[in-house]
Amino acid sequence: MQLPAGWTAYHYEVLDSTNEQAKRLAKEGAADATLLWTDVQTNGKGRRGRVWETSAGEAVCMSLLLRPEFSPQWASMLTLVMGLSVVQALEKEFAVKTQIKWPNDVVLNQKKLSGILTEMELCENEIDYIVIGVGINTNQTGFAQELKDKATSLCLELGICVEQERLIGAVAECFWNNYQIFLETLDLRNIKDAYEAVMVNQNQPVRVLQPGNIYEGVAIGINAMGELLVEREDGVCEQVYAGEVSVRGLYSYV
Ligand code: BTN
């Protein structure tokens, strides 16, 4: 696999979670741009404390450890940078056109193909490390009953069986390119157009669910900080930083 210059890579047959392993490596002093992946992940973690199920050998499970010197407040944007990189890698290597459900679910035919979990550790208010974990459903031929309306794989949608390492290498390369662009400005201003072009929520009605604040509007894009811009019926434009955004028509949302 061709990786960007200066990267360190580790491949495992079995791990509990690539994010957990990346954190262990970080604590042992692993360098910036350490990439790891595993064939089998036994205890994958999703966002919001959920479990991320991956049947053995049928999905990409990778994590990238970064040790940047910028302020922690910029870190959440890396999740969007990685989401875009996954979309670009799938298009470049396999001519597969996917979309992003803001902020970072990669979807194919309205179902989730890939999820990203970014975790950060601080030391005296500075970034010690960031771990960006990526799961991509590639070769699964089916999903459990409770997932099958929401999740899909490249194999199920397109009948293709991908070589995981080829996809991992492509994601790494796309991320590295986008990351250099991000580092120039420490925001998404130069990536925003590419991101919006593949955003499944673009110009779509969305329901924003925030603690104590639930409203509907139309997603009109993202700003340079990666916040979702939602125009409410009264014309007021909200900038959504955190909170769950549900998109009508996606997964089993209505
Ligand atoms: C989500 O909930 O959408 C995020 C899922 C992230 C899953 C990936 S698989 C590789 C890495 N290791 C983990 O334990 N989680 C992430």
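Lys97 pairs up with Glu91 in a salt bridge (a side-chain nitrogen of Lys or Arg within 4 Å of a carboxyl oxygen of Asp or Glu), with 2.8 Å between the closest N and O atoms. Lys97 is exposed at 61% relative accessibility, while Glu91, at 37%, is partly exposed; here buried means under 20% relative accessible area, exposed over 50%, and partly exposed in between (1.4 Å probe, protein chains only). The model is a predicted one, so to speak of local features takes a pLDDT of at least 70 and to count side-chain atom pairs a pLDDT of 80 or more, whereas totals for chains, interfaces and linings use all residues. Residues are numbered from 1 along each chain as its sequence is written, and side-chain values use heavy atoms, leaving out hydrogens and water.

The whole structure holds 15 salt bridges. Among them is the contact of Asp16 with Arg24, at 2.9 Å from N to O; Asp16 is partly exposed at 26%, and so is Arg24 at 36%. Asp105 and Lys112 also meet, at 3.1 Å, and here Asp105 is buried, with a relative accessible area of 8%. Glu20, Lys23, Lys45 and Glu119 are tied together in a salt-bridge network.

As for cysteines, the count of disulfides (pairs of cysteine sulfur atoms within 2.5 Å) is zero. The sulfur of Cys161 has its closest cysteine sulfur in Cys155, but at 6.3 Å that is too far for a bond. Cys161 is exposed at 64%, and Cys123 is partly exposed at 45%.
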